[in-house]
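Please read the following report beside the sequence and the three-dimensional view.

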Amino acid sequence: MSSPRNSTSSTSATTEGYASRPGGAQAELLAEVNKHESERNLGLVWAELRNYQQGIMPAGPGARELTEFFARIDGKLAADDPGTPKVQAADRDVLNLMTKRAATLHLGTSNYCWFTDPSRALCLKLAGTPAADKPLIGMCDSARCPQATHHPRHRPVWAEHAENTKTFLGQLGPTRKTERKRLETEYGRAVRVLERIDEAAVAGEPR
Ligand code: SF4
């Protein structure tokens, strides 16, 4: 596994205990969980838009696409001229776009997954299920997937992963050549992810 300790969404675990309850309790709970997740995701997308506006850019293979999306939203917001009748429609347009983007967001421990196109999902390719309608977060390889982004909030997980990998490397005996090579690759990848997060965090000019 190339990404540190990714885990699946909490939805399945949370709802497990309700599966056998009568009276549609499970459906009700699921609807509530979905609503909660949609609101949380929308909040996260707004937070990342604010980061973008302050010059804190996303990193990772999907960073460019996300940055372009934020530039589009930012342009629409900047074009708003308070007091004109067009503003309400423009606000609705922005909210619509942000909500759509939030609906694609899945949370990995070490990355955001913007699941906009199953055919581009590396996890699905690896699993041989390219048409699935959900990402396999547990198989996420965010350093290589075009739908993944890394943000400063993911830094501690990558830093810990790099540190642990370095420790394992130090403990390997001289005969463990294959394992050493694997861990060196993993360590190098973690360090590069950290470097990109740090570079991106100071890449933009605050607006
Ligand atoms: S490999 Fe890509 S699509 Fe799959 S979970 Fe990770 S970021 Fe999402």
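## The second largest cavity

The lining of the second largest cavity comprises three nonpolar, two polar and two charged residues, where Ala, Val, Leu, Ile, Met, Phe, Trp, Tyr, Cys and Pro count as nonpolar, Asp, Glu, Lys and Arg as charged, and the others, Gly among them, as polar. These lining residues are Gly62, Glu65, Leu66, Arg101, Trp114, Pro146 and Gln147, and the space itself amounts to about 40 Å³. A cavity is here a set of points, on a 1 Å grid over the protein atoms alone, where a 1.4 Å probe fits but cannot get out, and its lining residues have an atom within 4 Å of a point.

This is a predicted model, in which local features need pLDDT of at least 70 and side-chain atom pairs count only at pLDDT 80 or more, while totals for chains, interfaces and linings use all residues. Residues are numbered from 1 along each chain as its sequence is written, and side-chain values use heavy atoms, with hydrogens and water left out.

Of the 14 residues lining the largest cavity, Cys113, Cys123, Pro135, Cys140 and Cys145 are the closest to its centre. The lining of the largest cavity has 11 nonpolar, two polar and one charged residues.

The largest cavity is the space taken by the ligand, a molecule being placed in a cavity if more than half of its atoms lie within 2 Å of the grid points. Around the ligand stand Asn111, Cys113, Ala121, Cys123, Pro135, Ile137, Cys140, Asp141, Cys145, Gln147 and Ala148, each with a heavy atom within 4 Å of it. By class, this shell has eight nonpolar, two polar and one charged residues.

## Salt bridges

The whole structure contains 11 salt bridges, each defined as a side-chain nitrogen of Lys or Arg within 4 Å of a carboxyl oxygen of Asp or Glu. In one of them, the side chains of aspartate 141 and arginine 144 meet at 2.7 Å, N to O. Aspartate 141 counts as buried, at 6% relative accessibility, whereas arginine 144, at 47%, counts as partly exposed (buried is under 20% relative accessible area, exposed over 50%, partly exposed in between, with a 1.4 Å probe and protein chains only).

Aspartate 141 also forms a salt bridge with arginine 189, with the closest N and O atoms 3.9 Å apart. Because aspartate 141 lies in the loop between helix H5 (122-127) and strand E3 (148-149) and arginine 189 in helix H7 (residues 177-201), the pair ties together parts that are 48 residues apart in sequence; helices (H or I, at least four residues) and strands (E, at least two) are DSSP runs, numbered from the N terminus.

Key:
On a 1 Å grid over the protein atoms alone, a cavity is a set of points where a 1.4 Å probe fits but cannot get out, and a pocket is an open set with protein on both sides within 12 Å along at least five of seven lines; lining residues have an atom within 4 Å of a point. Grid points are joined across faces, edges and corners, and a volume is the space filled by probe spheres set on the points.
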